[in-house]
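This note goes through the model point by point, for a reader who is new to protein structures. Please keep the sequence and the three-dimensional view open while reading.

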Amino acid sequence: MAYEDIGLADPRAFQVVNEAAETYERLGSPDGKLALAQAVIYLSIAAKSNAGYNAFNEAMAFIRKDKSREVPVHLRNAPTKLMKELGYGHDYRYAHNEPNAYAAGETYLPEGMHEPVWYRPVPRGMEIKIAEKLAWLRDPDCKARDE
């Protein structure tokens, strides 16, 4: 439930469940049962989202249908002189060296592949903040692509 039904709307749910299970394993009854009961209550009232679950399933369906594609040359590792001469890794932008540690406008997809939108955060819990961050990142991407 923590991963499928609550997901990123409340990522703490993963920890609560794991810690309750660990507590039960260590302490047994009755204290371990109390930990499990409190985890159930937490999960019951947590914000719910299956957006991550749906995104994963959509991505897996895409992979099953799509063909194998080349890794973009700028993302390829260049451990040899020949690979460097072939342009592997050339023009790679290291996000940590970019403003806000984000390589605005950079693409990591194979040539000819459209930008998929598998993850659609719901307006609940932590996913509200995730949606805000995604929107915030779209602005510099759009500006970089217009340049």
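Predicted model: local features only at pLDDT ≥ 70, side-chain atom pairs only at ≥ 80, totals over all residues.

1. The expected span of a helix is 1.5 Å times one less than its number of residues. Helix 4 has 15 residues, and the distance from its first C-alpha to its last is 21 Å, close to the expected 21 Å.

2. The overall make-up of the chain comes next. The protein chain contains 6 helices and 0 strands, and along the sequence its pattern reads α-α-α-α-α-α. Its C-alpha trace spans about 65 × 35 × 35 Å along the principal axes. The radius of gyration of the protein chain is 21 Å, whereas a compact globule of 147 residues would have one near 15 Å. Of the 147 residues, 23% count as buried. Among contacts with a separation of 6 or more, 59% are between residues 24 or more positions apart.

3. Which residues of helix 4 are buried? They are Ala51, Ala55, Ala59 and Phe62. These residues cover an arc of only 70 degrees around the axis, which puts them on the same side of helix 4. The face turned away from that buried side carries the exposed residues Phe56 and Arg64. Helix 6 is included in what covers the buried residues of helix 4.

4. Helix 6 can be examined in the same manner. Helix 6 runs over residues 126-146, and its 21 residues should span 30 Å at 1.5 Å a residue; the C-alpha atoms at its ends are 31 Å apart, which agrees. Its buried residues are Glu127, Leu137 and Asp141. Seen down the axis, these buried residues fall within an arc of 85 degrees, so they line one face of helix 6. Lys129, Lys143 and Asp146 are exposed on the other side. The buried residues of helix 6 pack against helix 4, residues 51-65.

5. Serine 49 deserves a separate comment. It is located in the loop between helix 3 (31-45) and helix 4. Is serine 49 buried or exposed? Its relative accessible area is 3%, under the 20% limit, and serine 49 therefore counts as buried. A polar atom of its side chain lies 3.1 Å from the backbone nitrogen of alanine 51. With neighbours within four places in sequence left aside, the contacts of serine 49 include Glu4, Ile6, Val122 and Glu127.

6. In soluble globular proteins, nonpolar side chains tend to be buried together. Here the largest nonpolar core has 6 residues in all: Ala2, Ile6, Ala13, Phe14, Leu43 and Ala46. Helix 1 (2-6) and helix 2 (12-27) are the elements that give two or more residues to this core. Leucine 43, one of the core residues, touches Met1, Ala2, Ile6, Ala13, Val17 and Lys48, not counting residues up to four places away in sequence.

7. Isoleucine 130 belongs to helix 6 and, at 23% relative accessibility, counts as partly exposed. Leaving aside neighbours within four places in sequence, isoleucine 130 is in contact with Leu8, Tyr119 and Pro121. Threonine 23 has its place in helix 2 and is partly exposed at 28% relative accessibility. Threonine 23 touches Gly28, Gly32 and Ala35 when residues up to four places away in sequence are not counted. The C-alpha atoms of threonine 23 and valine 122 are separated by 32 Å, and these residues lie 99 apart along the chain.

8. Some backbone angles call for a check. Most residues other than glycine have a negative phi, and most peptide bonds are trans. The peptide bond from serine 29 to proline 30 is cis, with omega near 0 degrees, and proline 30 sits in the loop between helix 2 and helix 3. Asparagine 100 has a positive phi of about 60 degrees although it is not a glycine. Asparagine 100 lies in the loop between helix 5 (81-85) and helix 6 and is exposed, with a relative accessible area of 62%. Alanine 101 is located in the loop between helix 5 and helix 6, and its phi is also positive, near 55 degrees. At 40% relative accessibility, alanine 101 counts as partly exposed.

Definitions and conventions:
Residues numbered from 1 in each chain as written. Heavy atoms only, no water. Helix = DSSP H or I, 4+ residues; strand = E, 2+ residues; numbered from the N terminus. Buried < 20%, exposed > 50% of the residue type's maximum accessible area, 1.4 Å probe, protein only. Arc of directions from axis to C-beta. Contact = heavy atoms within 4.5 Å. Polar contact = N/O pair within 3.5 Å; in protein donor to acceptor, adjacent residues only side chain to side chain. Core = buried A, V, L, I, M, F, W, Y, C linked by side-chain atoms within 4.5 Å. Rg over C-alpha atoms; globule rule 2.2 N^0.38 Å.
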